[in-house]
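The sequence and the structure come first.

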Amino acid sequence: MKIAVLKEGAGETRCAAIPETVKKFIALGAEVAVERGAGDCASIADADFDAAGAKLGSRAEVLKGAGIILSVAGPDAASLKGAEKGALLVGALDPLRRRVAIDAYAKAGLQALAMEWMPRITRAQSMDVLSSQSNLAGYKAVIDAAAEFGRAFPMMMTAAGTVSPAKVFVMGVGVAGLQAIATARRLGVQVSATDVRSATREQIQSLGAKPIFVENVAGIEGEGAGGYATEMSPEYQEAQAELVSSHIAKQDIVITTALIPGRDAPRLISDAQLASMRPGSVIVDLAAEAGGNVEGTVAGETVEKHGVKIIGASNLARSLAADASALYARNLYNFLSAFWDKEQGRPVLPDDDEIVKGVRLTQDGKVVNERLTAA
Ligand code: NAD
């Protein structure tokens with residue numbers, strides 16, 4: 001089995017393999033071919049891949065006869081000629097927004113596997129690219145906020161007087177939010193956080209932050225289905241808006257991470273609420289690409305409104321390319337090795353497996369994933 005590792009297109013800094021995973025694939029009996037320069041943006045030299053046992057070459061050379069293609073962002077089907085018929089294309093393929101590209105994978109006879117559709121089940125935790133990348137994004141959001149903030153984060157008692165600690169409010173306590181809380185705490189700030197899922201209250205407290213919850217209208221019990229939130233009732237939204245209004249004016253930094261699968265991000269901060277914040281405050285909106293939690297967010301840009309900087313964070317994991325690549329590459333290895341059939345020397349993906357049903361988009365020339373065929 002030949003595994004091809006692609007060099008990503010412009011804007012994507014991560015790489016789908018690292019020398020460690022190359023060695024592990026070779027130990028499974030595979031041959032690994034890495035496109036020259038694939039690791040450049042993630043601080044992995046071609047020589048490091050070579051030392052791990054990979055063969056380096058042009059795209060055409062690495063694809064020739066490959067049965068598995070590893071990528072981060074989904075490549076164009078037209079750029080994948082030469083791979084085996086039925087080759088597995090593994091990546092964060094963004095199926096809903098790249099439907100045309102997914103159809104092209106089917107037409108090209110590839111079996112496309114979207115890693116971001118990995119089910120959130122215990123068995124798949126080590127394969128979960130959304131978690132591995134969100135965790136890094138949560139950390140980076142706090143670091144970026146600190147860099148934009150014109151004051152210090154921790155309390156400092158100096159001969160020239162005391163610098164008071166900053167106040168950070170985290171809205172949405174999933175994977176990114178939890179890491180944002182932990183990172184902010186390490187920087188010595190006062191942290192508060194909110195979510196609609198009641199199970200997060202204890203998680204917030206266990207990280208030493210203060211839970212700020214809507215008390216008079218019921219939220220989502222426990223973890224919520226699959227750990228995800230749904231759209232809240234108008235009564236809840238109203239109560240939440242009141243809660244935010246009373247809390248946000250006293251905050252210096254707000255990190256918003258709230259997402260609802262398959263929908264636009266919920267609006268959590270209005271323009272009027274922004275206007276109540278102190279000038280110089282900073283908001284990092286991690287939901288920017290899903291429409292934003294904050295009124296006025298622009299994905300990929302920093303805008304200023306009422307003296308408050310709003311960072312429309314877009315794929316922050318890309319700015320930590322070395323770590324993001326390492327975690328992503330291990331997710332891919334954990335997935336493929338879990339299905340590796342030693343006798344056949346390749347992964348065998350059973351049709352009735354929950355993980356396979358979740359991630360498989362195309363097979364035998366057709367789009368087969370229910371989330372796409374039902375759309
Ligand atoms: P997400 O990115 O979908 O959403 C981020 C957070 O925003 C969630 O906590 C959500 O409840 C919250 N949110 C949504 N609407 C909101 C609103 N109106 N106000 C405030 N908050 C709102 O979530 P995620 O980071 O992908 O993780 C969700 C959960 O899944 C977590 O509990 C996580 O631990 C769990 N998880 C489980 C596994 C597994 O078992 N394999 C893997 C990853 C994550």
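In this predicted model, Arg14 is buried, with a relative accessible area of 7%, and Glu12, at 7% relative accessibility, counts as buried as well. The side chains of Arg14 and Glu12 form a salt bridge with an N to O distance of 2.7 Å.

Two further pairs link parts of the chain that are separated in sequence. Asp353 is buried at 13% relative accessibility, whereas Arg123 is partly exposed at 44%. The side chains of Glu148 and Lys309 meet in a salt bridge of 3.1 Å, N to O, and since Glu148 belongs to helix 5 and Lys309 to strand 15 (residues 308-312), this pair ties together parts 161 residues apart in sequence. Salt bridges with shared partners also join Glu12, Arg14 and Arg318 into one network, and the count of salt bridges comes to 19.

Around the ligand there are 23 residues, of which Arg120, Ser131, Val175, Asp195 and Arg197 come nearest.

| Residue | Protein atom | Distance |
|---|---|---|
| Arg120 | side-chain N or O | 2.7 Å |
| Val175 | polar backbone atom | 2.7 Å |
| Arg197 | side-chain N or O | 2.7 Å |

Of the 850 Å² of accessible area that the ligand has on its own, the protein covers 87%. The shell around the ligand comprises 10 nonpolar, eight polar and five charged residues.

Technical notes
Residues are numbered from 1 along each chain as its sequence is written. This is a predicted model: local features need pLDDT of at least 70, side-chain atom pairs count only at pLDDT 80 or more; totals for chains, interfaces and linings use all residues. Side-chain values use heavy atoms; hydrogens and water are left out. A residue is near a molecule or strand if one of its heavy atoms lies within 4 Å of it. A polar contact is a pair of N or O atoms within 3.5 Å; within protein, one must be able to donate a hydrogen and the other to accept it, and residues adjacent in sequence count only if both atoms are side-chain atoms. Accessible areas come from the Shrake-Rupley method with a 1.4 Å probe; for residues, only the protein chains shown count as cover. Ala, Val, Leu, Ile, Met, Phe, Trp, Tyr, Cys and Pro count as nonpolar, Asp, Glu, Lys and Arg as charged, and the others, Gly among them, as polar. A salt bridge is a side-chain nitrogen of Lys or Arg within 4 Å of a carboxyl oxygen of Asp or Glu. Buried means under 20% relative accessible area, exposed over 50%, partly exposed in between (1.4 Å probe, protein chains only). Helices (H or I, at least four residues) and strands (E, at least two) are DSSP runs, numbered from the N terminus.
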